[in-house]
Amino acid sequence: MFLNMYIKEMKEALRDRRTLLLSVFLPILLLTGLTIFYESMMSMDEDETYTLAVKSSFSEDGKLLLKEFPQIEVQSFENPTDAVKDGKAAAALLVSDGFMEQIKKGEQVTFSLSGDSYSQDSSFVLSQVESALTLFEKQIIQERLQTIDVDTSVISPLQVNFKEVGLESDNEVGPESDNGASLSILSLFLPLIITSAISTGAYPLASDLFAGEKDRKTMEALLMTPVSRGKILLAKWLTISSVGALAGIVSILVVTLELIFLTEELKKGFDFGSDLWLILPTALLITILFSLFIGALQMSASIISKTVKESQNYLSPISMLVILPTLFLGGTGLHELTTQHFLIPFFNIFALFKELLYGVIDYQNILLTAGSLVISIAIFFAVSRLLFLKDKWVLN
């Protein structure tokens, strides 16, 4: 009887267009949009050019400073700063006339850069021009040292090698490497999307299977069937959790396929090698446990609600809880994660997914996360069962 009830609830849920929209199609759309958005943030179109405004007196020698940066197009304006304000240029570069002669005389020359640091295009141009001027400055210093017969190594007494300590690998990589940037973005938005998909997918069912039954006055008829309240509760909980798990698993599969086939930059951080066959089942297991936890939590809120509208007031804050770990753990490195992060619900799935995305497989943290979720599931299911056994909360 219990299995028949579970199958019946699942069929009704999957026939509901609203459920399919919220649990399957909406996460897919969100994942696709976010994947494309973050990919566009990381990849710069090599054919796209950005205008740098200069005065008409800007010398050809000055334009040669930017020859190694083909995306910077130098254009002359009567007032370069106004050109930036009017949106005609991304940034402006001002320097005194005849600055090359001043440099040859050993005089100091001041370059003035103007731009909007809140604009992505302007920030890109400013950084490119600063890099060009830095290279030009080093070239001038080397020439002056050679003139007075001094070894150029005196201007670079230090050599710095960066080693990533957050990974199991000890390979030396740059602090701004593409692989590191891709992993950083993936570890931020992927857990958020998966947990949001689970919470959003379970939301309508949690509200409908308890508060909705009360609204429709069908709860009394359901309780009159020869099935114990415990089995009814278990069937409804598994239905809510199954749809949430379906949304989470679909999210994992969709984002995996999109990263492989739709991205170039983000895909650089998505290489687990032989560990993939251990990481993927772990991610699926934690996703299912989190779905069971969310189902039990949302079920408790729905049971104490008298109407669907009231249940929405309780369930909405629960759905928003998945955002908190992103705010608190977004800038936390792997070596900064502590045992507490793997014990606190919501935070533990973010912390564990972050480790998995970086290719770190820590069995202790996996067990801590799984154990924490299992205990939380037991607590909220027990609370739901106590509430469901009392007519005060079940009947209006």
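## Exercises on a predicted model

Among contacts (heavy atoms within 4.5 Å) in the protein chain between residues at least 6 apart in sequence, 71% join residues at least 24 apart. The model is predicted, so local features need pLDDT of at least 70 and side-chain atom pairs pLDDT 80 or more, while totals for chains, interfaces and linings use all residues. Residues are numbered from 1 along each chain as its sequence is written, and side-chain values use heavy atoms, leaving out hydrogens and water.

**Exercise 1.** State how many helices and strands the protein chain has, and what share of its residues is buried.

*Solution.* Helices (H or I, at least four residues) and strands (E, at least two) are DSSP runs, numbered from the N terminus. The protein chain has 15 helices and 4 strands. Buried means under 20% relative accessible area, with exposed over 50% and partly exposed in between (1.4 Å probe, protein chains only). Of the 396 residues in the protein chain, 44% are buried.

**Exercise 2.** Check the span of H6 against its number of residues.

*Solution.* The expected span of a helix is 1.5 Å times one less than its number of residues. For the 28 residues of H6 this should come to 40 Å, and the end C-alpha atoms are 41 Å apart, which agrees.

**Exercise 3.** Describe how H1 and H9 pack.

*Solution.* Axes are lines fitted to C-alpha atoms, for helices over the stretch in contact, and angles run from 0 to 180 degrees between N-to-C directions. The axes of helix H1 (residues 2-15) and helix H9 (residues 229-261) lie 9 Å apart, at an angle of about 40 degrees. H1 is therefore oblique to H9; angles under 35 degrees count as roughly parallel, over 145 as roughly antiparallel, 65 to 115 as roughly perpendicular and the rest as oblique. Among the residues making the contact are Phe2 and Met5 of H1 and Ile232 and Leu246 of H9.

**Exercise 4.** Locate Thr282 and name its contacts.

*Solution.* Thr282 lies in helix H10, residues 276-303. Its relative accessibility is 10%, so Thr282 counts as buried. Leaving aside neighbours within four places in sequence, Thr282 is in contact with Leu356 and Ile366.
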